[in-house]
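Visitor: Please bring up the model and take me through it, beginning with the surroundings of a single residue.

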Amino acid sequence: MRKLPDFIDGFLEYTKGKGSPAIFRLWSAIFTISAAVERKVWIETTKGHWYPNQYILLVGPAGIGKTLCTKTARELLNGIRSETDVIHLAPKSVTRAGLADALVKAERSIVRPLDKITTVRFNSLIAIPGEFGVFLPSWDNEFMSTLTDIWDNEPYSESKRSQKIEINIPNAQLNLLSADTPAHLSRILPDGAWEEGFMSRTLLAYSNEQIYIDILRKSESNES
């Protein structure tokens with residue numbers, strides 16, 4: 001098994017020539033690790049288990065290389081899914097109801113032979129919308145509250161009266177990576193949003209560094 005620093009170094013090297021700022025590539029690598037380990041790893045704290053799930057936004061001007069990083073993270077996680085069929089990726093564009101449905105389908109079951117309860121079940125979903133504006137075209141307080149609750153890794157429940165459906169997930173988890181511009185964030189964020197649940201749980205990685213590359217040059221990763 002490769003050490004985490006080795007994976008991060010490999011991710012940074014793989015994306016080095018794609019024209020994205022280093023801070024975007026670094027946090028995309030950290031996100032990929034967090035998403036891959038799901039709820040299988042945690043830290044014991046005075047407040048209980050602390051899982052490594054992340055909400056990360058890559059923020060910068062248009063055309064700076066944000067979506068190149070989200071695309072790479074999605075490709076790597078898709079590769080894990082193709083090998084083990086256990087990684088659950090949400091659609092790139094999803095409503096609050098669609099997110100809940102995807103989370104229900106993202107059920108996992110793992111075996112811990114040394115624990116008292118040897119079989120552990122949880123629901124872990126990964127959302128990587130390339131553009132945050134597609135994921136959240138306008139501020140939705142109900143949707144934001146849902147995302148806040150899921151980030152805390154607490155039980156998630158919901159009732160759909162029209163369809164008489166009860167959703168009860170004892171161990172829910174969501175990892176979110178997306179990209180946005182400062183202009184769009186300033187438009188959709190209402191007064192006080194920075195002090196509220198969702199934004200206080202979201203890490204914003206900002207850069208305005210423009211890296212120029214020869215887009216017609218064949219990248220080493222594509223060489224046969």
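**Around S124**

Guide: Neighbours within four places in sequence aside, S124 is in contact with E38, H88, A106 and Q173, contact meaning heavy atoms within 4.5 Å. This is a predicted model, in which local features need pLDDT of at least 70 and side-chain atom pairs pLDDT 80 or more, while totals for chains, interfaces and linings use all residues. Residues are numbered from 1 along each chain as its sequence is written, and side-chain values use heavy atoms, without hydrogens and water.

Visitor: Is S124 buried or exposed?

Guide: S124 is buried, at 1% relative accessible area; buried means under 20%, exposed over 50% and partly exposed in between, with a 1.4 Å probe and protein chains only. Its side chain joins that of Q173 in a polar contact of 2.7 Å, that is, N or O atoms within 3.5 Å, one able to donate a hydrogen and the other to accept it.

Visitor: And where is S124 placed?

Guide: S124 belongs to strand 5; strands are DSSP runs of E with at least two residues, helices runs of H or I with at least four, both numbered from the N terminus. Strand 5, residues 119-127, runs antiparallel to strand 4, and five bridges join them. Within this pair, E107 stands opposite N123.

Visitor: What order do the strands of the sheet follow?

Guide: The open sheet has five strands in the order 4-5-8-3-9, with mixed pairing; strands pair if DSSP finds at least two bridges between them. Strand 4 (107-111) and strand 9 (202-206) are the edges, each with a single partner strand, so one side of each has no neighbour in the sheet.

Visitor: Which other residue forms a salt bridge with D152?

Guide: D152 pairs with R201, and their closest N and O atoms are 3.0 Å apart. D152 is partly exposed at 29%, and R201 is partly exposed at 24%.

Key:
A salt bridge is a side-chain nitrogen of Lys or Arg within 4 Å of a carboxyl oxygen of Asp or Glu.
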